[in-house]
Amino acid sequence: MRNIFFIILLILTTIISTSCQNSKNEEESLTKENAMSFFRELSPERGAFFYAQNRTKYTFLDSFYTDSIFPAVALCSYQELKKVTYSLKSTPLQDIADEYFKEVKSQYLQDIQVEIREYTQLQKQLFETEIYPLMEIELDSMLNADITKIIDRYAGGFLNYRKLEFFIGKDSKKFEKLWKEYINPQSYNDHINKYIQTYMDSISEFQKQYFYDVTGRKIEKELEINVPEISMNISSDILKQVDYFTSGEKVTMTTELIKDYAAPIAVGLATGGIGTLIYEVGNTAYDIHQIYKDIENQKIEPEEQLLSVCIEELNKNIEETYLQECKLKVLERIESSNKILFNLITLGI
């Protein structure tokens with residue numbers, strides 16, 4: 001076991017000795033004639049470090065590095081020049097390297113600023129063309145479902161039996177009560193927030209990666225945004241439309257009742273029953289003709305018209321106030337967050 005230990009120690013000693021000897025030989029063999037070939041084998045950072053460490057050993061290095069190597073090194077990228085400048089401290093090139101570095105850094109930051117502005121505009125554009133329309137569709141779908149439920153509870157049921165309550169005083173007050181029961185503003189807020197926050201999270205991830213790519217550092221940067229609370233109160237115009245719908249359906253039901261029940265009975269009594277059959281045949285022919293006429297004129301059912309008015313009225317208010325305010329806040333947050341990103345990069349590079 002002891003023999004194996006000595007063998008390993010001998011091997012390591014030989015490797016270290018050989019490496020040091022090679023390095024020593026390389027340095028000792030450095031001349032004006034082979035210096036260019038030697039520096040070409042080194043990266044700009046390693047070359048600058050070698051120069052700074054050996055400039056007093058080789059008297060020709062100061063003039064050689066200044067005249068033949070540094071002009072090319074000064075054209076390096078920002079990241080490379082940053083390391084080179086650090087290595088050249090306490091050398092005759094320190095002040096010149098610092099000036100080059102300041103110029104390169106200034107230009108580098110300008111390029112980053114332009115790029116971030118381009119990303120900012122693209123992020124805004126994507127929100128307006130892709131995310132915002134999805135928010136509108138989501139709201140429209142939710143409104144359609146909720147208001148359909150309200151109208152069904154107000155005037156639906158089996159054979160629309162709930163319309164019978166119109167004759168005992170059921171009116172827009174009942175509709176308003178159902179509105180408050182079925183329209184939940186918080187649910188709408190949650191859905192809109194989901195779309196907005198998901199998009200902001202994607203921007204946040206992009207900014208983290210961008211910061212890392214530029215500075216080589218990681219950063220915890222989340223994008224939070226306060227969106228307004230949606231208002232979904234029922235308007236006076238909708239309540240007027242409900243009253244119009246209610247009164248119209250009362251008239252329709254009364255007319256149908258007279259046509260279907262009172263009129264046949266009266267005709268039957270007056271004609272001994274023969275007129276009832278004639279009345280029914282004529283009435284059926286009239287109904288068929290009316291159906292075709294309604295289809296031809298694309299007549300909208302009263303419930304569909306009420307639904308359309310409710311959605312259109314509410315959508316208009318939401319679009320002009322809530323969604324526009326949401327969009328404004330999102331665009332402002334994208335703008336401010338990217339300015340913060342640039343400021344962090346300025347401090348981090």
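Q: In this predicted model, which side chain meets Asp62 in a salt bridge?
A: Side chains of opposite charge can pair when their charged atoms come close. Asp62 is partly exposed, at 22% relative accessibility. At 2.9 Å from N to O, its salt-bridge partner is Arg55.

Q: How many residues apart in sequence are the parts that Glu335 and Lys124 tie together?
A: The side chains of Glu335 and Lys124 form a salt bridge, 2.6 Å from N to O. Glu335 belongs to helix α11 (residues 302-348) and Lys124 to helix α6 (residues 94-155), so the parts joined by this pair are apart in sequence by 211 residues.

Q: Is Lys124 buried or exposed?
A: The cut-off for buried is under 20% relative accessible area. Glu335 has 27% and counts as partly exposed. Lys124 has 17% relative accessibility, so it counts as buried.

Q: Which residues do salt bridges with shared partners join into one network with Lys208?
A: Lys208 meets Glu222 in a salt bridge of 2.9 Å, N to O. Lys208 lies in helix α8 and Glu222 in the loop between α8 and α9 (236-271), so this pair links parts 14 residues apart in sequence. Through shared partners, Lys208 is in one network with Glu205 and Glu222.

Q: Are the ring planes of Phe39 and Tyr65 stacked or tilted?
A: By the ring-pairing rule, the model has 18 aromatic pairs. In the pair Phe39 and Tyr65, the centres are 5.9 Å apart and the planes stand at 55°, so the pair is tilted.

Q: Which helices hold Phe39 and Tyr65?
A: Phe39 is buried at 6% relative accessibility, and Tyr65 is buried at 0%. Both residues are in one aromatic cluster, whose members include Phe38 and Phe64. The pair ties together parts 26 residues apart in sequence, because Phe39 lies in helix α2 (residues 35-40) and Tyr65 in helix α4 (residues 61-73).

Q: What is the distance of Lys327 from the ring centre of Tyr132?
A: A charge sits over a ring if NZ of Lys is within 6 Å of the ring centre and within 35 degrees of the ring normal. Lys327 lies over the face of Tyr132, and its distance from the ring centre is 4.8 Å.

Q: How many contacts beyond near neighbours in sequence does the model have for residues 5-10?
A: The protein has a mean pLDDT of 80, with 77% of its residues at 70 or more. Residues 5-10 have pLDDT below 50, and their number of contacts beyond near neighbours in sequence is zero.

Terms used: Residues numbered from 1 in each chain as written. Heavy atoms only, no water. Phe/Tyr/Trp six-rings, centres within 6.5 Å; stacked < 30°, edge-to-face > 60°. Helix = DSSP H or I, 4+ residues; strand = E, 2+ residues; numbered from the N terminus. Buried < 20%, exposed > 50% of the residue type's maximum accessible area, 1.4 Å probe, protein only. pLDDT = per-residue confidence, 0-100. Contact = heavy atoms within 4.5 Å. Salt bridge = Lys/Arg side-chain N within 4 Å of Asp/Glu carboxyl O.
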